[in-house]
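Please walk through the model below, beginning with the ligand and ending with the backbone.

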Amino acid sequence: MSIYQKLVRKHLLDLKPYSSARDEYSGKEGVFLDANENPFGSVSGKNLNRYPDPYQWEIKSKLAELKGCKAENIFLGNGSDEAIDLLIKSLCEPKEEQILILPPTYGMYQVCADIQQVEVLKSNLTADFQLDLEDIDAKVGEKTKMIWICSPNNPTGNLIDSDSIKTLLEKYKEIVFVIDEAYIDFTKQASFIGLLDRYENLVVIQTFSKAWGLAGLRVGMAFAHVDLIKILNKIKYPYNLNLQSQRLILEALDNVAQKETYVDLILQERENLKAGLLPLPIVEHIYPSDSNQLLVRFKAAKSIFQTLLENKVIVRDRTNVVLCDDCLRISIGTESENQRLLEALKEIAERMK
Ligand SMILES: *Cc1c(COP(=O)(O)O)cnc(C)c1O
């Protein structure tokens, strides 16, 4: 028995999921006449005529080793956006229950809740983008089912203090905490995955889209108590991760060193970019970053954003986001991309004199 007997939406506990042909026989050898596939081959690509493993066990067993958890604690999704969507669908009764988010933060938590007609409570981060524990206490109520914490956070780039997160995990044992670690590869800080055995109410999200450089493949991960993973598996599309993605993720997992090389490069470029931005008179503040993005407060950010666009340098306008007045979010590029940004900004600074 876990908290999920109580927390999962009742009708999902009893739901009989779709049973795919591949559920009934998991061996690799045999004459497969069970799934109405084309036995001769594929019109395009190579060897894509067979349906993929619906539960992606080969990937999960490698990942379990890499992340220090059990394969049964892993869910793989079509991007972590799928995990975000399914987590809300699993736990929150539409028009009745709520999630709490901590703006400024990643936009998808609110969008997925809105689609499901799940109410979204908000507790803004403090001025230094940390948790406001008193305000969170004031906002949390009977109907609050989940709290979404992004660390390192998007768009601010910083880590959220992990002791504060642990305090909340212990205080609210029947609220599910999702720690979105999309940017964890860029920090030295340990993942919350190591605490899964200690906190039943903990879910961790990670992705192959950022440090691994596989955004186009759409593969994300959720790590959680096995009872919650089982529900996610029940309600996902049967073959949510296509065969090509599964193959390429397996390849990537054999080359963790390449990911680490990319991380080193990006962190080096982040420091170079910071050094280039600091002396510019139009730059008012560069927020501390534990990720591959810099949140920068400018003088007249909106017009700078527009001028950059005209120069075909595209950054993210966050000026309308709470606590991000006059801020642009800059993803760390290659050396030459960052140089182009800096040159464009220098020109703008000259003209604004
Ligand atoms: C980019 C990002 C994701 C990514 O999701 P994918 O669907 O896996 O590409 C998730 N959470 C945050 C905070 C992000 O910034």
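A residue is taken to be near a molecule or strand if one of its heavy atoms lies within 4 Å of it. On that basis 13 residues surround the ligand, the closest being Tyr183, Thr207, Ser209, Lys210 and Arg218. This is a predicted model, in which local features need pLDDT of at least 70 and side-chain atom pairs count only at pLDDT 80 or more, while totals for chains, interfaces and linings use all residues. Residues are numbered from 1 along each chain as its sequence is written, and side-chain values use heavy atoms, with hydrogens and water left out.

By class, the shell around the ligand holds four nonpolar, five polar and four charged residues. Here Ala, Val, Leu, Ile, Met, Phe, Trp, Tyr, Cys and Pro count as nonpolar, Asp, Glu, Lys and Arg as charged, and the others, Gly among them, as polar.

Polar contacts are pairs of N or O atoms within 3.5 Å; within protein, one must be able to donate a hydrogen and the other to accept it, and residues adjacent in sequence count only if both atoms are side-chain atoms. An N or O atom in the side chain of Tyr183 is 2.6 Å from an oxygen atom of the ligand. For Asp81, a backbone N or O atom lies 3.1 Å from a ligand oxygen atom. From Lys210, a polar side-chain atom lies 3.2 Å from an oxygen atom of the ligand. The ligand taken alone exposes 390 Å², and the protein buries 94% of that (accessible areas by the Shrake-Rupley method with a 1.4 Å probe; for residues, only the protein chains shown count as cover).

Next come the helices. Helices (H or I, at least four residues) and strands (E, at least two) are DSSP runs, numbered from the N terminus. The axes of α5 (residues 80-91) and α9 (residues 226-235) come within 10 Å and cross at roughly 105°. The two helices are therefore roughly perpendicular. Across this contact (heavy atoms within 4.5 Å), Leu86, Leu87, Lys89, Ser90 and Leu91 of α5 meet Leu228, Ile231, Leu232 and Ile235 of α9.

The backbone remains. A cis peptide bond joins Ser151 and Pro152, with omega about -5°, and another cis peptide bond joins Asn154 and Pro155, with omega about 15°. Pro155 is in the loop between β4 and α8.

Technical notes:
Axes are lines fitted to C-alpha atoms, for helices over the stretch in contact, and angles run from 0 to 180 degrees between N-to-C directions. Angles under 35 degrees count as roughly parallel, over 145 as roughly antiparallel, 65 to 115 as roughly perpendicular and the rest as oblique.
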